[in-house]
Structure formats: C-alpha cells, structure tokens
Amino acid sequence: MINRRQFFKTSLAGGALAIVGDKMQAAATNPGANPILSGTDTPPRKGKSVLGLRCKPIDKVRIGVVGLGRGGGAVDRLSHIEGTEIVAICDLIPERIERAQNNLKKNGRKEAATYTKEEEWRKMCERDDIDLIYNATPWELHVPIALYAMDHGKHAVVEVPAALTVKDCWALVDKAEEKQLHCMMLENCCYDFFELATLNMARLGVLGEIIHAEGAYIHDLRKSKYDGYYKHWRLEYSKYHTGNPYPTHGLGPIAQILGINRGDRMEYLSSVSTNQYGLALWSKNNLKDDERITQSERYKLGDMNTTIIHTANGKTLMVQHDTTSPRPYSRIHLVQGTNGVAIKYPNEKVALQPASHEFMKEGEQKELLSKYEHPLSKYIGEKAKAVGGHGGMDFIMDWRLIYCIRNGYPLDQSVYDGAAWSSLVELTERSVLDKSVVAIPDFTRGEWEKHSPLPVIDMKDVLFG
C-alpha cells in the first residue's frame, strides 16, 4: 500500500492517486467513522459571492502548468492560443518535461522554466510572473495546489473532479470568495460539439422546458486500470470506495443546460451501486501469477452506479458510472424537454413534436443541428478539430477560458459548479453505504436564486456569459 508521503513523492510523476490508511478501510464497513463522509451543513461565508465574477482583463495570460500527464496536451493547446505565455511547467518525469518543451519550440514559443522536484509546484505558484495555474495533477493534489495558487494571487483551474470530499469542495469555494479569483474545473465535455448544440437548443426553447436529463461515464478501463495507471492508482481507489468517483463528464453539460447554480440547484440524491464483478472477472481471465487476482475480492467500487438527483425546481437528473463492464464508451447525454428530446449516444438523435414518437430523419436532423450550432463551436470549431484534444472539445475549453480571462468576462463554469458537480464523489458513496437519500449542499449559499441560466447569444465576440 502507498502511504501519504509516498503518494506526494510520486503523484506528479505518474498521475497517481492513493487515498489510503485505516480511515479508508473503515469506510467500507462504517461510513460514519470516516471523516471524508462529512456533513452537508453550510459553513459561514468568509468572502463574497463570485457568481458572475468579473476580474481585471489580462492581455497576455501567463500560465504555469502542473502535471504533464494530461497537462502535456494542455501545454500544446495553450501554445496555439493568442494571448498566452507558458511561463513554467512542473512534473517529476524528465521525458514529460522534454516533450512539453519540444511542443513549445515546435509551436514557436520560448522554453518554459521547469520544476522537477517534489512539491516544487509551490515555487511555481509563488512566482510573480504567472497569472494562471493550470492544474492537471492527480485527484488528491487538485485542492492543495488550487488553494495555494489562489493564496498567491493566481487564478486556478483544475482537472476533474475538482475535489473528492464535500469539505474540500467548500475549501475551494471559500478561497475563491475570499480572494475574488477564478477557480474553474476543467470539464471539457461541456464544450463537445453536440453538447454545445443541445445547450443552444435548450436556451432557445427548441426542446421546450427541460424537465429531465441524463449523463454518464461508461468506459471499459479494466486493462488500463491494471496496466496503464502509475502505481495502479485506480485499483487502489477501488479497494476502499464505492459510489460514483468520476461524475462530472456526464453531469456537467446537463447541469449547465438545467441552469444548476443559476436559477436552479441540485437539492438531493439517491444512489445505488451493483456489487463488484468486472475487476475480479477480468483479473481472473487476463492475469497469471499476479497477487492482484486474489486481491480482487477486496474491491469495493461497484461496477454500475446509478444516481438520481432532484432539483429545487422539480427537475430530475440521472448520472451513471461504470468503468469495469464490457460496454462501448458512452456519456449518454440525454436532454428531455416538453417539446422533444436529444440524445448523443450511441448515435446523435433528436425528436421533436409533433412527430416526437420517432427520431428525425438524417437529413432533417443535420439541418436542425446546423441551424442551432452553438456560436462558440461555429467560431472556433474548425481550429479546435485541427489542434485536437478529445475531438476538439479540449481546445474549445482552453480557448474560451483564455478568451474570458483576457476580456475580464465571467467564466462559463464557476467554482460553485466545480464544487457541486464534484460533491457527488462523496455524496453518492454516502448514499450507497447508508442506503439513504442525501442532501446536496448549496455551495452558492442562496445566490443561485438571483441569477438566470447562462444565455447563448449569437454575438460576434461569442460571449455567452
């Protein structure tokens, strides 16, 4: 087992996650004994709301990237965006540093300062010539790096999920409010082309009033869990936790469509998980003379988790997670309105009244999606496809982030979104273990009632914040 000190020594190197120790083992049998399964009481506000936060425009956004496993791709994408400078990069693996420097050189950018030792991300955050810390490290490092960055006057963006506990979600919210800085979770799926189109259709009333939506992260990762993750960190996590450890890819886009944290909020959830079957079966069929075969019975993460969420305005969401079953990749992305429905997987389909008993024919649907293409993907989509990153959505996300910071606009995803969406990591586990309905904190502390959902306005400057 990897102890906490060993984790911090190795996490940047391998994108590793290890939440370990007796407290984690206790969670399997006694959730009340585990401090990560904390309450959902609203703590007193330490600053002021950052919902709709506008900061001073920054013409050239100076960036430090921490963790070059996923962050290496960000270095490449960001160097294709006008108004950016990659000032520093941080990772423990020399090959990743070299690869990132080569990409900068290839894209006509100057070499970045490098940090290659344990916890040197602190030195990066302390620099005076950085505006934004781009945090692509393992899960357990998301919160400490983001907090440290904001403490040193930097905007912070973090990979998904933003935090693993409700307590840490509140820590991000409180720090952003105290410092009046942006803290955004990098939920790239909000910027996929079909997701953006359905957001546009929903805002323009094409689907009627949205009453229900579904999202998921269904992706067979068993081989990579055993062979592809440094120190087998996903397996380590699976030993001690159940629920939905990775909810935001499916939840983020549909939460935005439903106006969560801006006009509505997630109120409570109920979550159920199957037993664990897939890991044990895969290890038995694919591993030989490996102690992990006998260890597989210890895994607590159920194969399929299904969570139902009820909102303050009487809407519902369903979110699923399964990375250990033989199923093709799916995020579902189903949006149900009073006038029709749109669904992304396995094939993009739309049905509208009066013929909503069947999906639209291919030509008719193509015309509809073209008509309601989101102005953001219409403006930057072709370049996004050329630069890449999950089909272009990563580039759209990065481009939009930099665009808003350069112009002093609110970000599309606030710290409240990152907190609310990420809180499901803990809350679904609590619901599964306690067989209970669980309240979801209002991270906006009531501000959601004072704001309308993000509009989509076809403007030349593609602003919809």
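An open sheet of 8 strands runs through this predicted model in the order β13-β12-β11-β7-β10-β9-β8-β14. Its pairing is mixed, and the twist from one strand to the next averages 15 degrees. The chain as a whole holds 18 helices and 14 strands.

**The sheet**

- The edges are formed by β13, residues 349-352, and β14, residues 437-439, each of which pairs on one side only.
- Strands β9 (residues 305-311) and β10 (residues 316-322) run antiparallel and are joined by 6 bridges.
- In β10, H321 is the bridge partner of N305.

**A helix across the sheet**

**Helices α17 and α18**

- Two packed helices are described by the angle between their axes and the distance between the axes.
- For α17 (residues 415-422) and α18 (residues 424-434), the axes come within 5 Å and cross at roughly 25 degrees.
- Angles under 35 degrees count as roughly parallel, and α17 and α18 are therefore roughly parallel to each other.
- On the α17 side, the contact is made by A420, W421 and S422; on the α18 side, by L424, V425 and E426.
- By type, the residues of this contact divide into 4 nonpolar, 1 polar and 1 charged.

**Burial of α18**

- Helix α18 is largely enclosed by the rest of the structure, because 9 of its 11 residues are buried.
- The buried residues are L424, V425, E426, L427, T428, E429, R430, S431 and V432.
- After α18 comes K435, which has a positive phi, near 55 degrees.

**The chain as a whole**

- Of the 465 residues in the chain, 62% are buried.
- Among contacts with a separation of 6 or more, 76% are between residues 24 or more positions apart.
- The chain exposes about 18900 Å², and carbon and sulfur atoms supply 48% of that area.

Conventions
Residues numbered from 1 in each chain as written. Predicted model: local features only at pLDDT ≥ 70, side-chain atom pairs only at ≥ 80, totals over all residues. Heavy atoms only, no water. Helix = DSSP H or I, 4+ residues; strand = E, 2+ residues; numbered from the N terminus. Buried < 20%, exposed > 50% of the residue type's maximum accessible area, 1.4 Å probe, protein only. Contact = heavy atoms within 4.5 Å. Areas by Shrake-Rupley, 256 points an atom, 1.4 Å probe, with all protein chains shown as cover. Pairing = 2+ DSSP bridges. Axes fitted to C-alpha atoms, helices over the stretch in contact; angles between N-to-C directions. Parallel < 35°, antiparallel > 145°, perpendicular 65-115°, else oblique. Nonpolar A, V, L, I, M, F, W, Y, C, P; charged D, E, K, R; others polar.
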